[in-house]
Amino acid sequence: MGYCFDDMRLEKGMYQEAGRSFTQVLEREDPSDQYKGTPMEGLDAFQRQLKRFDIKVRGTASDVVDKFFRTSDSAVLFPEYIARSVRQGMEEADLLPRITASVTRIEGLDYRSIASVPEDEKRLRRVEEGASIPATTVKTKESLVHLHKRGRMLVASYEAVRYQKLDLFSVTLRQIGAHINRMLLEDAIQVIREGDGNEDPAQVLQIGTGPIGGTKGTLSYDALVDFWTQFDPYEMNAILAPNDVVAAMLKLPEFQEPLAGLDFQGTGRLSTPMGAELLRTSAMGQGALIGLDRRYSLEMVQAGELVTVEHDKLIDRQLERAAITTTAGFAKLFTDASKVLKV
């Protein structure tokens, strides 16, 4: 049978359609549903275009960068290959999905989140006949969410990379993605700790100062339990901690319980005796940890596509100083759903 992806015309304008990514434009012209039951099933529209031009991007038999530029049509695929490789690097060690309650994509740069304020958050009161029902007020926050542009500049001449294998070139692009993701995580941690400009910083609790017991400067299991109790009616189901705090935590006898050890040895996942997932990151300063209820704590706001590349330059082989960026910010949802514990 004939496939419509074989003779599709590709052009730069496909990257410029408002509200649609390059892949979404390809899917509109060449829907994946029509390939069910064929050898092409399981490939998206971009992957079918790679197959059309016989471009292999992975493995020992991968092609060289120059393969994208054999025709003017195949050159249009190069920016999407760059963006996908960078996204892969962002996703490989991405902690953001494990601490964010919601992701909002907008097409501008101005965004106000909402605040939900219940009359009595910690009690579900019985409503007597004829009595008023307790209300939860939902309103728009006063301050805009601050969106930051983060990224890296791809600095390389076309002549320097044209004969490099795509599999190796992807490694460099994935590293760029990892760097961008680290910047986003730092932004998220700053918003959790300091707030999003709407007077909603996280409560800071100190070991050795009520209601947290223990001795200042010493992490103990009792102090962690005291910290855990401060989250009612929320649930502390995730802990962000730097290397020094994680090391101190794992040396506590309570964290050496056999089942927890087997889970770590088998999967590499760190968990705590109180059921919270332990997320290690050097994006935090030493001597403190963040506990949060990831279901209610943080909203990620993303302007446009997660990864944006300067497609004109890349298609025209002008790799020198080609920017790879993401524009995103974070908003606090429920202030008491995240707290900081200083050791």
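**Exercise 1.** At what angle do helix α1 (residues 22-29) and α2 pack, and how far apart are their axes?

*Solution.* This is a predicted model, where local features need pLDDT of at least 70, side-chain atom pairs count only at pLDDT 80 or more, and totals for chains, interfaces and linings use all residues. Residues are numbered from 1 along each chain as its sequence is written, and side-chain values use heavy atoms, without hydrogens and water.

Step 1. The angle is about 80 degrees, and the axes lie 8 Å apart. Axes are lines fitted to C-alpha atoms, for helices over the stretch in contact, with angles from 0 to 180 degrees between N-to-C directions. Helices are DSSP runs (H or I, at least four residues), numbered from the N terminus.

Step 2. α1 is therefore roughly perpendicular to α2 (65 to 115 degrees; under 35 is roughly parallel, over 145 roughly antiparallel, the rest oblique).

Step 3. F22, T23, L26 and E27 of α1 meet A45, F46, R48 and Q49 of α2. Contact means heavy atoms within 4.5 Å.

**Exercise 2.** Describe how α4 and α6 cross.

*Solution.* Step 1. The axes of α4 (residues 78-92) and α6 (residues 166-194) come within 6 Å and cross at roughly 55 degrees.

Step 2. The two helices are therefore oblique to each other.

Step 3. Residues in the contact include F78 and Y81 of α4, and L166 and F169 of α6.

**Exercise 3.** Is S62 buried or exposed?

*Solution.* Step 1. Find S62 in the loop between α2 (45-52) and α3 (72-75).

Step 2. S62 has a relative accessible area of 2%, so S62 is buried (under 20%; exposed is over 50%, partly exposed in between, with a 1.4 Å probe and protein chains only).

Step 3. Leaving aside neighbours within four places in sequence, S62 contacts K56, V57, K165, L166 and D167.
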